[in-house]
Amino acid sequence: MKKTISFAIIHFFVAFSVAYLLTGEILISSLIAMIEPMVNTVAFYFHEKAWQTKALLRRGYANPGRKTFSFAVVHFSVAFGVAYLLTGDVLIGSVMAMIEPAINTVAYYFHERIWQKKTAKQAAKEALGHLACHHGELQQCADVSDISVDNVAISN
């Protein structure tokens with residue numbers, strides 16, 4: 001859930017900025033910035049659930065590029081729908097659907113890479129803590145937060 005919330009914050013900021021540049025209206029921009037990211041945040045959550053299935057993970061589909069493309073398709077559709085419904089203007093809906101998701105797709109890619117590095121580092125830290133506990137190298141096995149993955153890798 002932390003991952004979803006962190007991406008939602010980025011998304012709200014981008015949606016408002018692009019909508020304001022297109023419409024010049026704070027109210028419409030605020031509505032677009034609230035509704036479009038909320039719909040996409042729900043879509044993002046289910047997108048993540050789908051990409052965590054064993055079948056996709058086994059086949060190697062979880063790389064950031066493929067996940068980014070998949071989410072971009074969903075995002076373009078939602079952006080157009082929300083902007084069009086709120087403005088009644090096909091041109092604004094179309095431009096919003098091209099610009100806002102494009103910016104968020106780039107943000108999503110980097111968000112995904114950062115999140116994967118964070119997750120891998122945490123998993124390595126937990127694995128080192130587990131190994132150390134079995135070999136009696138730590139006095140307190142329950143708390144591995146003091147282990148530095150970088151320092152252990154360098155010292156070995």
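Buried means under 20% relative accessible area, exposed over 50%, and partly exposed in between, with a 1.4 Å probe and protein chains only.

This is a predicted model, in which local features need pLDDT of at least 70, side-chain atom pairs count only at pLDDT 80 or more, and totals for chains, interfaces and linings use all residues. Residues are numbered from 1 along each chain as its sequence is written, and side-chain values use heavy atoms, with hydrogens and water left out.

**Exercise 1. The overall fold**

Describe the secondary structure of the protein, its burial and its surface.

Solution. 
- Step 1: set the rule. Helices (H or I, at least four residues) and strands (E, at least two) are DSSP runs, numbered from the N terminus.
- Step 2: count the elements. The protein has six helices and zero strands. Along the sequence the pattern reads α-α-α-α-α-α.
- Step 3: check burial. Of the 156 residues, 31% count as buried.
- Step 4: check the contacts (heavy atoms within 4.5 Å). Among those with a separation of 6 or more, 64% are between residues 24 or more positions apart.
- Step 5: take the surface. Accessible areas come from the Shrake-Rupley method with a 1.4 Å probe; for residues, only the protein chains shown count as cover. The protein's accessible surface comes to about 9700 Å², and carbon and sulfur atoms hold 67% of it.

**Exercise 2. A buried charged residue**

Is glutamate 48 buried or exposed, and which residues does glutamate 48 touch?

Solution. 
- Step 1: locate the residue. Glutamate 48 lies in helix H2.
- Step 2: apply the cut-off. Glutamate 48 counts as buried because its relative accessibility is 11%.
- Step 3: list the contacts. Not counting residues up to four places away in sequence, glutamate 48 touches Lys3, Lys67, Tyr108 and Glu112.

**Exercise 3. The salt bridges**

Find the salt bridges of the structure and state which parts of the chain they join.

Solution. 
- Step 1: Side chains of opposite charge can pair when their charged atoms come close.
- Step 2: A salt bridge is a side-chain nitrogen of Lys or Arg within 4 Å of a carboxyl oxygen of Asp or Glu.
- Step 3: count. The structure holds two salt bridges.
- Step 4: take one pair. Lysine 3 bridges to glutamate 48, with the closest N and O atoms 3.0 Å apart. Lysine 3 lies in helix H1 and glutamate 48 in helix H2, so the pair ties together parts 45 residues apart in sequence.
- Step 5: take the other pair. Lysine 3 also forms a salt bridge with glutamate 112, where the closest N and O atoms are 2.9 Å apart. This pair links distant parts of the chain: lysine 3 in helix H1 and glutamate 112 in helix H5 (residues 90-134), 109 residues apart.
- Step 6: check burial of the partners. Lysine 3 is buried, with a relative accessible area of 11%. Glutamate 112 is buried too, because its relative accessibility is 2%.
- Step 7: assemble. Lys3, Glu48 and Glu112 are linked in a network of salt bridges.

**Exercise 4. The nonpolar core**

Which residues make up the largest nonpolar core, and what do isoleucine 32 and alanine 19 contact?

Solution. 
- Step 1: define the set. A nonpolar core is a set of buried Ala, Val, Leu, Ile, Met, Phe, Trp, Tyr and Cys residues joined through side-chain atoms within 4.5 Å.
- Step 2: list the members. The largest core has seven residues: Val14, Val18, Ala19, Ile28, Ile32, Ala83 and Met96. H1 and H2 each supply at least two residues of this core. The largest share, three residues, comes from H1.
- Step 3: examine isoleucine 32. Beyond its neighbours within four places in sequence, isoleucine 32 is in contact with Ala19, Pro37, Ala83, Leu86, Thr87 and Met96.
- Step 4: examine alanine 19. Alanine 19 is found in helix H1. Alanine 19 counts as buried because its relative accessibility is 0%. With neighbours within four places set aside, its contacts are Gly24, Ser29, Ile32 and Met96.

**Exercise 5. The nonpolar patch**

Which residues form the nonpolar patch on the surface?

Solution. 
- Step 1: set the rule. Patches are made of residues with over 30% relative accessible area and no salt bridge; like charges are joined within 9 Å, nonpolar side chains (Val, Leu, Ile, Met, Phe, Trp, Tyr) within 5 Å.
- Step 2: list the members. Met1, Ile5, Ile9, Val42, Tyr45 and Phe46 form the patch, with about 650 Å² of accessible area together.
- Step 3: assign the helices. Helix H1 (2-23) and helix H2 (26-51) each supply at least two of the patch residues. H2 gives the most, with three residues.
- Step 4: Isoleucine 5 is found in helix H1. Isoleucine 5 counts as partly exposed because its relative accessibility is 46%.
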